[in-house]
Amino acid sequence: MLALHLGMRWLKRRRASWLALAAITLTVAVPIIVVGVMQGWMEVTARQARASESDVVIVAPGVTGADRLRDHLAAIPGVAAVAPYVQSWGVMNRNRGDSSLTIPCQIEGLDWEADWNLGRLTATALHPQPVLDLSSPPLPPDRRGTGFLTPAWRSTTVLAGLHLALAFGGLPAALPPAQRPTPGIVCGRELLYPHHMRPGELVSIVVPNGTGGKAGAALQAEISDTLGIGVIEIDRFLVLAPLPLAQRTLGMQAKNGNSAKLSGWRLSAQPGTDPYRLAALVSTDTGLFAETWQDLRGNLVKGMQVQRNIGILVMILIQFITVFIVYAVFSTMVVELRHDIGVLRGIGARRRDIAWAFILAGLIACIGGGVLGWALGWGVLAALNPFSHLTGISLFPQDVIYTPEAPTSYAWWIPPMFIGSMTVIGLIAVALPAWRAARVDPIETLREGA
């Protein structure tokens, strides 16, 4: 109790101790801010990469028996939803008047409803403006389709409904027959805006067969809508097409009495199911090669984890600078309190009481400054985006972060980690002054005072 009382008293009465407290606060707040942004960036990237895949992906090019295999996969314990897909690289050609453009793309054929049930296609990922400004509002309904249904198809569907209503009403069909529109495809926003393309343009897609020819029929389509997964390397190549249309383009349609082929299946796991265990179970059960989304897109997230960990190490090394400030402050306190320490030693205070008084003072300063740094760090993180909105200053370029706002994270483990490291560093800095204070000779200090 004596050591605690002395430590608290000395901290309150010495102005230099407030310098140490300020240094500790800042060297905890700054790492929390920096790592909070890095962690937030990693979490956003992980969510975006996850949005482009499902929990488990079966890679089985040329697999047939779609309906039978789909029912079998759905019956495997832990599987929540199943969706087929075909996938290949191709070349998109755009003809606009006298100008032409050839763009590499990754065509992906899917069952829209099945993929929606997987959670891959979300409302937030659909209808982004094909422009560089990520904060732009979504495309208005008159400029976009509904999935693969283009605006022209919507009008045709309405006309077909009117024809049907007139026929059931016993009235002669007074409406002219509607011409069948061009099929619709959905393109990644990064595929469109660098090439000044917009929804509504007509394109053709060809998939080479490796021998100078085409794998299947060329796909003539209209860009119906846009998709923004949030990962540039995906959005700049991705083209979504209806499954039967993509199968014809890839030469995987049913022909010569053979069933249509698939590139594989995507599976979503039931809540609480480990994707890695589910992938192993699917591989064992079906004999097909199954991977998790981390296996397919994990390198992107793992690379950011390495960057975050390096950032944490650098921040801890920067915290070591505080050693000199804390050491200087407590060494000064020893000099200033030399007479008081001598008096305490003269009336019976033990050396360990004096040493513990300084150590506890350092511990209180580190924990107190750490808590203040925690509050300051999270306060700055909370103010980053409001500050950007208020001033119009973008703190983080969206073409690098690929998000309209600063990605921040309030992960629970970040503040305790830096408070803990700062406490260890602070106690190292206080150790030598505490040892010197304990070695003060009471007789010499009393003589100095005389």
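In this predicted model, the second largest cavity has a volume of about 40 Å³, and it is one of two cavities of 30 Å³ or more that the structure holds. The chain has 450 residues, of which 45% count as buried, and its secondary structure comes to 16 helices and nine strands.

**Cavities**

- The second largest cavity is lined by Ala51, Ser52, Leu110, Asp115, Arg120, Leu121, Leu227, Ile229, Leu238 and Leu240, and by class this lining divides into seven nonpolar residues, one polar residue and two charged residues.
- The largest cavity has a volume of about 50 Å³, and the residues that line it are Ser52, Glu53, Gln87, Gln106, Glu108, Arg120, Ile229, Ile234, Leu238, Arg266 and Arg297.

- Helix 2, which covers residues 15-51, gives the most to the lining of the largest pocket, with four residues, and the lining taken together divides into 13 nonpolar, nine polar and four charged residues.
- The second largest pocket holds about 370 Å³ of space, and among its 20 lining residues the closest to the centre are Glu53, Gln87, Gln106, Leu296 and Arg297.
- Two or more residues of the lining of the second largest pocket are given by each of strand 1 (56-63), strand 2 (79-96), helix 7 (232-235), strand 8 (262-269) and helix 10, and the largest share, four residues, comes from helix 10.
- By class, the lining of the second largest pocket has twelve nonpolar, four polar and four charged residues.

**Methionine 304 in helix 10**

- Methionine 304 lies in helix 10 (residues 293-319), and because its relative accessible area is 11%, under the 20% cut-off, methionine 304 counts as buried.
- Leaving aside neighbours within four places in sequence, methionine 304 is in contact with Trp41, Met42 and Thr45.
- The C-alpha atoms of methionine 304 and methionine 42 are separated by 5.9 Å, although these two residues are 262 residues apart along the chain.

**Two histidines with positive phi**

- Histidine 127 has a phi near 65°, a positive value in a residue other than glycine, and histidine 127 is found in the loop between helix 4 (112-118) and helix 5 (151-168).
- Histidine 196, which is likewise not a glycine, has a positive phi of about 55°, and its place is in the loop between helix 6 (189-192) and strand 5 (202-206).
- Is each of these histidines buried or exposed? Histidine 127 is buried, with a relative accessible area of 16%, whereas histidine 196 is exposed, with a relative accessible area of 59%.

**Helix 11**

- Helix 11 (residues 322-336) has 15 residues and reaches 21 Å from its first C-alpha to its last, which is close to the 21 Å expected at 1.5 Å a residue.
- The buried residues of helix 11 include Thr322, Val323, Val326, Val329, Phe330, Ser331, Met333 and Val334.
- An α-helix has 3.6 residues a turn, so residues three or four places apart point the same way.

**The chain as a whole**

- Among the contacts in the chain with a separation of 6 or more, residues 24 or more positions apart account for 79%.
- The accessible surface of the chain comes to about 22600 Å², and 62% of this surface belongs to carbon and sulfur atoms.

How values were computed. Residues numbered from 1 in each chain as written. Predicted model: local features only at pLDDT ≥ 70, side-chain atom pairs only at ≥ 80, totals over all residues. Heavy atoms only, no water. Expected span 1.5 Å × (residues − 1). Buried < 20%, exposed > 50% of the residue type's maximum accessible area, 1.4 Å probe, protein only. 1 Å grid on protein atoms, 1.4 Å probe; cavity = no way out; pocket = protein on both sides within 12 Å on 5 of 7 lines; lining within 4 Å. Points joined across faces, edges and corners; volume = space filled by probe spheres on them. Nonpolar A, V, L, I, M, F, W, Y, C, P; charged D, E, K, R; others polar. Contact = heavy atoms within 4.5 Å. Areas by Shrake-Rupley, 256 points an atom, 1.4 Å probe, with all protein chains shown as cover.
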